Amino acid sequence: MQKMEAANVYTQDGTVDLQGRPVLASKTGRWRACSFLLGYEAFERMAFYGIASNLVNYLTTRLHEDTISSVRNVNNWSGAVWITPIAGAYIADSYIGRFWTFTASSLIYVLVFL
C-alpha cells in the first residue's frame, strides 16, 4: 500500500522534467500553466485576425498587387497558418517532444515578430 501511495505523487501520464526524471504532480500544470497558454493564445489570435482583416487592402494599396493576386496570396497565407499546427504536432510526436517543439516554435515566433 505504501508503494502505491508513493507512485501517485508523480504524474501518471509519463511526463518527465528536463533531466528525464518523473514530474511531481503537485509541481506541474494547474492554473499557472493555463493562464500562460490562454494569454499566449489570445495574443496570437489577435495578431492573426488583425493581419488577416487588413492584408488584402495592404497588398492592393501599398504593394500594388491586383485584387485576384492579393486574395490568392492571403488564402495561401491563411492555409499555411492553419497547417503549421499539424506540422508541429507531427514533429512533436515523432521527433523532439512537445516541450521542445513548443519552446522552439515560441522562440521562432518571438524572434520573427519583434
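Of the contacts in the protein with a separation of 6 or more, 36% join residues 24 or more positions apart. Contact here means heavy atoms within 4.5 Å.

Before going on I noted the ground rules. This is a predicted model, where local features need pLDDT of at least 70, side-chain atom pairs count only at pLDDT 80 or more, and totals for chains, interfaces and linings use all residues. Residues are numbered from 1 along each chain as its sequence is written, and side-chain values use heavy atoms, with hydrogens and water left out.

**Overall build**

I counted three helices and zero strands. The pattern along the sequence is α-α-α. Helices (H or I, at least four residues) and strands (E, at least two) are DSSP runs, numbered from the N terminus.

I then looked up the dimensions. The C-alpha atoms fill a box of roughly 70 × 30 × 20 Å along the principal axes. The radius of gyration is 21 Å, while a compact globule of 114 residues would have one near 13 Å. That radius is taken over C-alpha atoms, and the globule rule is 2.2 Å times the number of residues to the power 0.38.

Buried residues make up 10% of the 114 residues. Buried means under 20% relative accessible area, exposed over 50%, and partly exposed in between (1.4 Å probe, protein chains only).

Next I checked the largest pocket. Its volume is about 1000 Å³. Its lining has 29 residues, and Glu44, Thr84, Pro85, Ser105 and Tyr109 lie nearest the centre. The elements giving two or more residues to this lining are α2 (30–61) and α3. The largest share, 21 residues, comes from α3. By type, I read 20 nonpolar, five polar and four charged.

The second largest pocket holds about 780 Å³. Here 21 residues form the lining, with Thr15, Val16, Thr28, Arg98 and Phe99 nearest the centre. Again α3 gives the largest share of this lining, eight residues.

Terms for both pockets: on a 1 Å grid over the protein atoms alone, a pocket is an open set of points where a 1.4 Å probe fits, with protein on both sides within 12 Å along at least five of seven lines. Lining residues have an atom within 4 Å of a point. Grid points are joined across faces, edges and corners, and a volume is the space filled by probe spheres set on the points. Ala, Val, Leu, Ile, Met, Phe, Trp, Tyr, Cys and Pro count as nonpolar, Asp, Glu, Lys and Arg as charged, and the others, Gly among them, as polar.

**Single residues**

I went to Ser105 in helix α3. Ser105 counts as partly exposed, at 37% relative accessibility. Its C-alpha is 8.3 Å from that of Gly88, 17 residues away in sequence.

Is Thr101 buried or exposed? Thr101 is buried, because its relative accessible area is 13%. Leaving aside neighbours within four places in sequence, Thr101 contacts Gly88, Ile91, Ala92 and Ile96. A polar atom of the Thr101 side chain lies 2.7 Å from the backbone oxygen of Gly97.

Last, I checked His64, in the loop between α2 and α3. His64 has a positive phi of about 55 degrees, although it is not a glycine. His64 is exposed, with a relative accessible area of 65%.

Conventions: Polar contact = N/O pair within 3.5 Å; in protein donor to acceptor, adjacent residues only side chain to side chain.
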